[in-house]
Amino acid sequence: MAADLSQLVKAYDVRGVVPDQWDESLAELFGAAFVQVTGARAIVTGHDMRPSSPGLSRAFARGAAARGVDVTEIGLCSTDQLYYASGALDLPGAMFTASHNPAQYNGIKMCRAGAAPVGQDTGLAQVRELVEGWSESGAPAPAATPGTLTRQDTLEEYAAHLRSLVDLTSIRPLKVVVDAGNGMGGHTVPTVFAGLPLDVVPMYFELDGTFPNHEANPLDPANLVDLQKRVREEGADLGIAFDGDADRCFVVDQQGDPVSPSAVTALVASRELARHGGKGTVIHNLITSWSVPEVVREQGGTPVRTRVGHSFIKAEMARTGAIFGGEHSAHYYFKDFWNADTGMLAALHVLAALGGQQGTLSALVAQYDRYAGSGEINSTVADQTGRLLAVRSAYEGREGIELDELDGLTVSSTDWWFNVRPSNTEPLLRLNAEARDEPTMAKVRDEVLGIIRG
């Protein structure tokens with residue numbers, strides 16, 4: 001019987017419980033399908049620190065090599081290190097990680113040569129179709145000459161490339177607490193930060209895919225508590241938290257207060273525009289703060305608004321030639337990094353900006369954090385479509401109100417806006433609201449939540 005991969009193959013990647021939903025035999029078929037869909041003659045693979053990752057990654061490599069494709073295995077790496085290898089080697093790549101998900105999960109993030117994304121509309125649907133078919137009929141016949149498996153360490157080259165994009169050599173010394181969450185930041189940070197004027201206080205750098213200290217998801221405030229406490233205890237200049245595969249970074253200031261990812265987006269955008277002579281396009285998704293397009297315009301750039309999701313950001317970056325893109329989920333994308341997302345490069349920009357002046361981080365980011373935001377609020381609903389229609393009907397026709405449906409429903413006024421989006425994988429509606437002051441934001445947030453949950 002053919003395997004049902006509907007719960008395993010998501011919009012942007014493969015993600016599921018091991019071994020309940022997938023195992024090494026399926027990973028081998030994914031390897032064969034990936035090289036058939038991409039038409040690759042050679043690929044690169046990497047994996048995170050989860051207990052199941054080395055075996056799944058090697059099985060995928062075997063499946064690819066059986067089709068006559070040479071595989072470069074870079075072993076333990078962060079997701080952005082795999083993107084670096086895909087870009088630098090000009091090869092399609094596969095990263096084995098489930099990012100911030102619990103230990104029993106694993107997944108594959110795939111890309112074409114140059115770190116170009118593979119999602120449902122760009123090859124992932126075809127990969128799923130092949131794997132489902134082969135799981136019933138058996139793996140395809142091997143090539144007459146199998147490909148080779150070669151190990152290559154890219155960590156030093158990855159670190160050197162990042163440091164070539166942000167000059168930190170002349171900054172004032174900074175004390176920074178880094179929470180790697182037992183994820184891949186513990187592998188990459190020591191090499192990337194080596195030799196820089198940074199006093200690094202490491203937290204949970206031991207690679208452990210069972211996540212013994214806390215989930216490696218810095219967007220959940222509960223997972224920042226240890227970092228916030230340590231920053232205050234150490235009298236540090238800032239704190240940085242990475243997720244499990246270290247492609248996202250989250251920043252807290254010298255008081256331990258979280259810095260909005262929208263403020264980080266605006267800060268990095270201003271620096272990237274300065275590097276490019278005050279010209280360039282910056283991509284932001286529709287739930288980032290009003291601050292982002294404002295700062296981009298003030299710095300001479302052109303803001304472009306997109307749907308939520310890395311495949312949309314990367315597609316718009318390629319289409320517009322954008323120099324930078326940011327999401328409120330703390331994903332940051334760089335033209336000089338093959339349009340791929342790298343939390344490490346964003347972290348280097350924050351360190352360079354802070355170290356290039358004498359003030360505190362809270363003072364620095366105040367100019368980029370101009371509005372009151374709700375953060376993302378999830379509501380479980382039985383009827384996503386019906387509740388969205390109820391929200392629309394409540395605001396449609398009101399004077400001074402604009403509605404758009406680029407992604408879910410966005411309702412805007414002169415003093416506030418909110419967006420409600422359905423989850424693709426769960427029976428949830430996600431609300432983000434923002435206003436010019438906290439009382440207005442709270443009023444709008446509570447009114448919309450009342451309709452969603454009514």
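## Close-up views of a predicted model

Glutamate 402 is exposed, with a relative accessible area of 60%; exposed means over 50%, buried under 20% and partly exposed in between, for a 1.4 Å probe and protein chains only. The model is predicted: local features need pLDDT of at least 70, side-chain atom pairs count only at pLDDT 80 or more, and totals for chains, interfaces and linings use all residues. Residues are numbered from 1 along each chain as its sequence is written, and side-chain values use heavy atoms, without hydrogens and water.

**View 1. Glutamate 402 sits in strand 19.** Strands (E, at least two residues) and helices (H or I, at least four) are DSSP runs numbered from the N terminus. Leaving aside residues up to four places away in sequence, Glu402 touches Thr410, Val411 and Ser412; contact means heavy atoms within 4.5 Å.

**View 2. An open sheet of four strands has the order 14-13-15-16, with mixed pairing.** Two strands pair if DSSP finds at least two bridges between them. Strand 14 and strand 16 (332-334) are the edge strands, each pairing on one side only. Strand 13 and strand 14 run parallel and are joined by five bridges. Threonine 281 stands opposite threonine 302 of strand 14. Helix 9 packs on the sheet, touching strand 13 and strand 14, and its direction makes about 155° with that of strand 14. Helix 10 (residues 310-320) lies across strands 13, 14, 15 and 16, at about 160° to strand 13. Such angles run from 0 to 180 degrees between N-to-C directions, with axes fitted to C-alpha atoms, for helices over the stretch in contact.

View 3. Most residues other than glycine have a negative phi, and most peptide bonds are trans. Serine 99 is buried, with a relative accessible area of 4%.

**View 4. A cis peptide bond joins valine 18 and proline 19.** Its omega is about 0°. Proline 19 is found in the loop between strand 1 (14-17) and helix 1 (24-38).
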